Structures are given as C-alpha cells and as structure tokens.
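These are my notebook entries on a single structure. I set down what I looked up, entry by entry.

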Amino acid sequence: MTTISSCLRAARFVAAFAVFATLAGASSTAFAKTTQKALPDRLSGPIDNGARAQLTGSAPPRAMHSTDLGNVSPDMPLEGISLIFSRTAAQQADLTQLLADQQNPASAQYHQWLTPAQFGARFGISDNDLATVESWLQAQGFSVVNVSPSRNRITFSGPESAVEAAFGAPLHYFRATSGGMTATTDTRTHIAPAHDLTLPASLSGMVLAVRNLSDYRPQSHTIKRPAANFTSSQTGNFFLTPKDVATIYDINAAYNLGYYGSGQTITVAGESAVSPTDITNFQTAAGVASNIPVLTLMPNTGSSETFTGDEAESDLDLEYSSSIATKATVDFLYTGNSPFYAVFDAVQYAIDTDLGNIITLSYGECEPDLGQAAFNSFESYLQQAAAQGQTVINSAGDSGSSGCYGDGSSTSNQEQLAVSYPASSAYVTGLGGTEFPTADLTNTYFTAATTTDTISSAKSYIPEVVWNDDAAILALINSGQASSGTIPISSGGGGVSIYEPRPGWQSGTIGGAALPAGSNRLVPDVSLDSSPNNAGYLYCSSDDGSDGTGVTGSCSTGFRGSDGSSLTVAGGTSFAAPIFAGMVAIINQAKGYTAGQGLINPTLYLLAANTTTYASAFHDIVPITGNANSNACVAGATYCGSGAQTSSYATATGYDEATGLGSVDLANLIQAWPTATGSSSLAASITAVTANTLTPSTNTADNITINVSSKADSGATPTGTVAVTDNGTAVSGSPFTLSGGTYLYSYQSSTTGLHRLIFTYSGDVTYASSANTQIINVGPSSFTVTASSPTVTAGSSGTVTVTVTPTNGYSGTVYLQLGGTGETSAGVSIENTCVSGSGVVTIPSGSTSPQQTTYTFDTSSSACSAAGIGTFRATPAARHIALNALPGKPGPAPSKAPWRTTSLAALAGLTLVGSFRRRLRLNRAGLILVLVLTMGFSGLALSGCSNGAQGASGNAGGTTTTTTNASPGTYNFIVYASDSIYHNINNGNGAAFTVTVQ
C-alpha cells in the first residue's frame, strides 16, 4: 500500500480545517443549549426532496379556484415564512399531563409556569434536527432569520420560486370580494398558495404548517355604528363608557377594595399602529386614571403604519382594557406593513417572548376559513401559552351562528354553521355577546338626560338577552333609515367547533341544567354586552372616517368629533374581550396571582357548576318574551339562506351556545375565586385511576376504578362527579356520580390503537377539582418488523429487506433506524462498508398487507467513495449506527461517533457529511475540538496516517491508494422502528439480522 506524502497530509488537514471554519461561520442562527436531557433527534439523515407528502389543509380555503388570477412573479420576495413543528407523541402526552397538573391544586406542578426556553428544552425539537432543517432551507435558496425560543419554529425568507420548489405549490393572485353573500368583487387581490403544499416525506411527520405564505387576514370583531349626531339631552339615547361597564358588572366593588389590576400585564395584539393621543383623549373623556399603553412594533414585520379599520380596532381594545384595569401595564404588540404578517403573528410573538400574563385579541377566523394545518399550528402555541401561565382571551365573533358571513368566500361557506377561532380553542377564553332589551333603555336603569353629557349614566346591572340585531337592522334597511349597503348580520358568535374536542372542564351541569350534548368544544365561555344599537360603546380613534363611522377628529372635545357633535359608537365582541381581560387582571391582583393563572376556563366552569356560586357570580341569559332569544341568522333568505343557522342557537337555562355561561358579577366572582395558594376554602383532592389492563381487546370490557380522595386526609369523603373523555370525546354516560369517593367505570372500544382517557373530578363544597390521565392501547394496534440476512461476496453489495407487518388495524408511517454492534461474535467490527436506502415505510389505512423497504450494504470502499458515502466501522460502544441518507426518525441516539474513517481524505469528506447528518451546532472552537476528537477516533495523528482503506482515485502528486474490501465474517445488526403514535414502540425489541461477507 502506498504511503501518502507529508505534503498531501498537510494539504488535506488544511482543507479539512477550512471546511470546519466555513461551517462555523455559516450559520445565521444561534439557539440556546439546554442543560436538561437532550431532546431526541427525529431526522436520521439529510432531507430528501424526492419523496413527498401532502400537507393537508395548508391552502387557505378563501383562495377559491373561481377567483384565481394566476401566478405571482417568481422573483417576488417573501419574508416571515415559518415552519411550525409538531411535538412527538411522548412530548404531547407530557404536555397534556403538565397542563392538567398546572391547574390541579393537589399537584406539585400547580401554577409552576415554564419560561419559553424551558418549554423549548422540554417540548421543542433537537439541535441536530433544527440544524438539518436549516441546512435544507438554505439549500432551497432561503435565508434563515431565526429559531423561536420554544424551538418549535424556524422563520426564513426567500423568493416565490424557492417556495414553489421547496413546498410544491405556486403562489397565485386571487380576486378579493367584499361584504356578504350579495356583495360584488372589488379591485383588491390576495396572494396564497394555489393548492395544498407538499413536504419532503422525512419532514411531513414533524411539520404542522408552513405559515405566512398568504396575505388573507383574520377579521376584526367590531361592528361600527354610523356617525351618531346626538347627545342624551337631544335624543334620549344612551351609550356606554368604562364607568358604565364598572357599574353594570359590579367592578366598582373591587375598585373600592383597591383592586385595579396592579402588578398585571395585559398584552393587546393588533395589526395597525395607533396614535397615543387617542388613548389619552379617551381616558380623559371617560374620567378614568391615565394608563398609557407601551407600543411595540413586532420585529421584522415592516414599518409602523396605520390601517383603516384596524387602527380603530386597536384603539378600542387599548382604551377599554386600560380603562377597566387602570393600574395594569398594557402592552400593545402590533405588526407592521408587511402584507404577510397579521395579528396571529403578534400573538405568537407574545407567547414566544412571554410578553404579558394576559393576552387579548379581537380578531378571528371562522373555522372553515382557517383550515386544519393552521388550526394545528396555532393550537400548539396556545398550549404553550397555557404552560407559561398566560391567559388568552378572544372575541367570539359578530356574525351569530353563521360565523363565516362576510368573509368573501362562497355562499355555501358563508351560510353554514361556524364558530370563530381562536375563541374556539380549548386553551382560550371565548367572549360572546349580550345586549340590553330596548324596553330597558330607560331612566329605570340610566340617569335621566341633562343639558350636558353624562359620562357615567348606568345605575345598576341591566337585564341582558342574547345579542341579535339582525331583524332590527333589516327593518331599518327596509324602511330607508339605513343604506341598502348596510349588512344586517349583527349577533354574538357561538356554536360548536369542528376541530376542537370537548375539553374535560366543559361538562356536567350549569345552573341545574346539563350542557348541550356532543363531543366537540362549545363556544363562547362567557358573554358581555356587545350591541352597537342598544347603548353602544363610545371610543376615540384617529381613523380617517372611512372605517364606516364617518367620524373625523374623534374626541376633539370630550367624546365628540371635530364637528363638536358626532360621537364614535360601535359594538361587537371586540369590546367584550378587552373588558374581560381587564377583569381578569383585577381577579389576579385580588387573589394574589402575581405570575398569572394560565387557562382560567377550568376555574370558570367549576365555579359555575356550583348552583349557589352560579346564581351570585354569573348572570344566566335566558329567553325573554318579545326579544331575540338566539344568535341565529334571522335577516331573511337573502343574507341567511335556509340552513340550520336560521334556527341555532337558542338561549337556555345554564350554559348555551348563544351566551355561554352568561355575563358576570365581578365582585361576587372574585369572592368565589380560589386564592393563589390553591383555594380560599377548598381542600386539595387527588383523582386516582386503576385499570384492570392497559391493553384490552376490542369490544371487551376493561374495568377502571376511579377513586377521589383528600390529599391531606381531611376526613370528609369527596362527593360530586367525574367527567371522562376518550381522545377528547366525552364517553357515554359521563359525568359519573361518585359513591363513597369511588366509581367503577367499565370501558370498552371497538377502535384499535391508543386511547387517552382523561378523568376530571368536578370538586364539591369541600374539595377542589383534580384530574388524571390513563393511556389504554386497545387491540393493541401495532406492527412487527423482520429483516432478511444476506450473504455478500467481499467487494460487492447485498440487500437487506425489511418487512413491516401491521397488526390489529394499524396504519401510519414507520421510521426505521439501523443499530446493533456491527461485529462478529468474536468482536471483530465490519469495515470498508457503507449503507444506503430508505428508512420510511407507510402502512395505508385499512391495509393488512406487509410493506417493505431495502438497505444496500456495499462492502467495497472504492464503491462507497464513488457514491459519495463514507465507510464506517461500528465500535462496541456505538450500538446504534446512524447511517448516511436514511430519512425518518431515529431510534436511540449513539453514544459515540458511529464510524471510524480510515484516511484523512475520508475524514474530511465524512466530517462534511456528518456535520449535516448529525446536525451539530458548534462555534469555531467547538469545531476544532470535534476535528481533533474525530481524528482521534480515526486512529490518525498530524504526523501520519493509518494503514486503513484509501480512496481508489489518485492525487495531484500522482500517489495512488489501494482499495480495501470488508473482511469475511458474519456481522450482527438490528433494525429499530418507531412512529409518531407509538414512539419507539419497538425500542429494544428490533429485528435482528446478519450480513455475512465471504
């Protein structure tokens, strides 16, 4: 064998070092390392663009083929594109349990909130995976901007041509429409993908969505009233200010005790700049303490700019949140003029940076417009907010039961029953709308008119009905008192989610009546006055008047415009959300929640389930003769069509989809609310569950004992009910009544696979609520793996066939990882061998047939070199071999470098491959260390080379190397398997096989 010259050694060392130095400086992103247990890698090799998978629900539903105007320019730059990553099944199970524990006073995790960095270290993706995806993005022509602290998002930018090539869908222009179902097209256009995106197959299992490829935006939940040229002395009409709200909903009693939201931070999310003068003018006109918001433009979203309509929305959100919680810090986080950013991005940023323990937004998208991919991605962020202790509040919409009305989509889409997201999220408190009956807009409830404006005219609580002004506005249109272009849909949003399963806390009885039947999330949670017609809200805005009010110079003189007469009046659940955000800030201060409460819905529903508390702290909205008693579309067939939305949803005793739990009496709600230490009077409970078996057969009863006891052994036996959900759906007969603190539940299912059963104890007058989770694997549905054992002539190649066989109805994508010792029984390691092949096997739904993939073992180092694949030698410590070009999810991580290269040239080449394959994130010093360590593993020194395999080609100086083949022997390997549902289910029980070299 010819020896490599010292000059060649030096040259190759310099080249190898240069590679490392280049890689060290090439990365544009630095993310924090964690001292916690390393996150598992889910990618086992470079990302292959060849095998593709569709990202279902990724094209915006509003981008209709009938409005398609064709391709945008390939050179169009796009900024702020984001890949949103999923969590593994194990991570999601961990997070679900954590969220339950954080709301359980009996748990050590009660209100132990995470920081974004802690959340990322526990629920994000690994350094290696992040680096691999970044490298892939850069190879597609994108520039990586940043990685979120929560390690679940990479943001990048690039031209349209790169988007089309990387994600398999061109961006098109789409003609915009305005108004409702009778509206005509306008001159605006939108940009969106022409169809669903595709992803490399190895990424498809870990990407929830590709965000910001569309400029369709969520809709503001404000209904503005045309310029009102009146005063109470001129017409007798009434309007609301923050002081009226404080009287009607009993906030004044909290003020009297010194509770103004001190120590709390409310983040208002928006998508337009505002003038601070408007906020100052409003607070002065309303006679409340000055509380000027902190204005923050979200980074990298363009320049600060005001937008008609959106400016007014942000004005009223800021004015009412800051004037209800007058001593809370109010942060306004808004996006700039980049067309691909909107309010959801601002919310996401507030979660990423843990800005505010209360987040409120008054925008939403009806769920059919949202699409499954967008729902999945934003839901993952809302779960993060809950884990960080952030309470998210959102308006439920202003189009009644037909939540898509006015979105410019197809008539059938606008006519269907729909709710607005994110109010429909299980991790958000959704605010619906009520109104005051016309008959009660009298001096009985309001101070009589005088010759001057009365800033605080409400005398007491005013009875409420469901907000529905459809018929009243239609009558004004028909009589000529309102323009024909006026949209008569004006009603509180509410109904049933098509995406969100019914959460455990939304069960049982409210006010003595059971919640509506069904297995999906109900909207809203609570409601406040929202009508623009019956005592609408006053606000101040510098919006130019084209926002529908016709008012300019709002609040130039008190609440009046520049004409000295007109008032800016509006309604909508946009007012309910910031008002309730202010209420939550007051609750937090009063009860000592200095770090926030996270999701407050479990507490709201627990308190409402107590009939005494419900009667004092909530106003049940029930039908009243002569008034609208539902949020149904009642404006006639032209606007409503003839579907179910014309009859749903009616008010009823207790909870209903028109008004939720009803409105609140804040002082009484504070009195009933548990304190920050657990509860003011309730003892902690523990819910324990014991199943006879965790792997029952289908349609076979599995007895599960549910036992609720006192954590501190207070002596009393817990009473009440336990609600049970199966993968988010309430089981038949739930909730179940405890007897002696126990209930024996007989569970069975005909559906094979994993079932997550959540058991939620309701609590009683003595004990607080608690919960527990049990995973049941029915069937159990799974898969088996076998592998063939080839015999190979040294210097040639052989094929290993891996067969994945489904059992009990299993379907899904199985990810394979090669492992084992790669040694003979005598401990001799295989050398001069490389492997290629696919590590992904898909079992179609309903299939019972085995599916196969193959790996090719090439035992010639020259063939490996020609293919650009480094050879390896497995060491006894490296039991799991991470091979080149194997897409999919990894099995257990190797404990050492998984191969030994046998030349310095191979070292340089393999280090390049390895840096991407193993996705190392290192600085220059770290890379030098890796170089030295890898050379050590290779048995190399700066002064010489090993006598191992050399590349077959010659070098510049004419020196040649010889080819070495694998030595004869029978080498032992294992193929491991995992998937996104049964993560690493075969860990430790993989299929063993051998490769015999002759």
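Over the ring of which residue does the charged end of Arg217 sit? I find that ring to be Phe307, with the charged end 5.9 Å from the ring centre. I count a charge as over a ring if NZ of Lys or CZ of Arg is within 6 Å of the ring centre and within 35 degrees of the ring normal.

**Basis of the entries**

I am reading a predicted model, in which local features need pLDDT of at least 70 and side-chain atom pairs count only at pLDDT 80 or more, whereas totals for chains, interfaces and linings use all residues. I number residues from 1 along each chain as its sequence is written, and side-chain values use heavy atoms, with hydrogens and water left out.

**Disulfides**

I looked up the disulfides, taken as pairs of cysteine sulfur atoms within 2.5 Å. In general, such a link is a covalent bond between the sulfur atoms of two cysteines. The structure holds four of them. With the bonded cysteines of the chain numbered in sequence order, I read the pairing as 1-2, 3-4, 5-6, 7-8.

I examined Cys366 and Cys404, which are joined with an S to S distance of 2.0 Å. The torsion about their S-S bond is about 100°, so I record this disulfide as right-handed. The pair links distant parts of the chain, 38 residues apart: Cys366 lies in strand E16 (residues 363-366), and Cys404 in the loop between strand E17 (391-395) and helix H15 (411-415). Here helices (H or I, at least four residues) and strands (E, at least two) are DSSP runs, numbered from the N terminus. I also checked burial, where buried means under 20% relative accessible area, exposed over 50%, and partly exposed in between (1.4 Å probe, protein chains only). Cys366 is buried at 6% relative accessibility, and Cys404 is buried at 1%.

I then turned to Cys540 and Cys555, whose S to S distance is 1.7 Å. Their S-S torsion is about -75°, so this disulfide is left-handed. Both cysteines lie in the loop between strand E26 (537-538) and strand E27 (567-571), 15 residues apart. Cys540 counts as buried at 0% relative accessibility, as does Cys555 at 4%.

A further disulfide joins Cys633 to Cys640, with S to S 2.0 Å. I note -75° about the S-S bond, a left-handed link. Cys633 and Cys640 are both buried.

**Sheet E30-E31-E35**

Which strands stand at the edges of this sheet? I first recorded its order: three strands form an open sheet, E30-E31-E35, with antiparallel pairing. Strands E30 (685-691) and E35 (742-747) stand at the edges with a single partner strand each, so one side of each is left without a neighbour in the sheet. The twist averages 20° from one strand to the next, with axes as lines fitted to C-alpha atoms (for helices over the stretch in contact) and angles from 0 to 180 degrees between N-to-C directions. Two strands pair if DSSP finds at least two bridges between them. I find six bridges joining E31 (residues 702-710) to E35. Ile706 has Tyr743 in E35 as its bridge partner.

**Aromatic pairs**

I looked up 27 aromatic pairs in the structure. Rings of Phe, Tyr and Trp (its six-membered ring) pair if their centres lie within 6.5 Å; planes under 30 degrees apart count as stacked, over 60 as edge-to-face and the rest as tilted. One of the pairs is Phe736 with Tyr745, tilted, at 5.2 Å centre to centre and 35° between the planes. Tyr745 also forms a tilted pair with Tyr747, at 6.1 Å centre to centre and 55° between the planes. For burial I record relative accessible areas of 7% for Phe736, 8% for Tyr745 and 2% for Tyr747; Tyr747 counts as buried.

I also note a cluster in which ring pairs link Phe282, Tyr320, Tyr537, Tyr539, Phe559 and Phe575.

**Helix H17**

I checked the span of H17 (residues 573-591), which has 19 residues. From first C-alpha to last it reaches 27 Å, close to the 27 Å expected at 1.5 Å a residue; the expected span is 1.5 Å times one less than the number of residues. The helix is mostly covered, as 18 of its 19 residues are buried. Just after H17, Gly592 takes a positive phi of about 85°.
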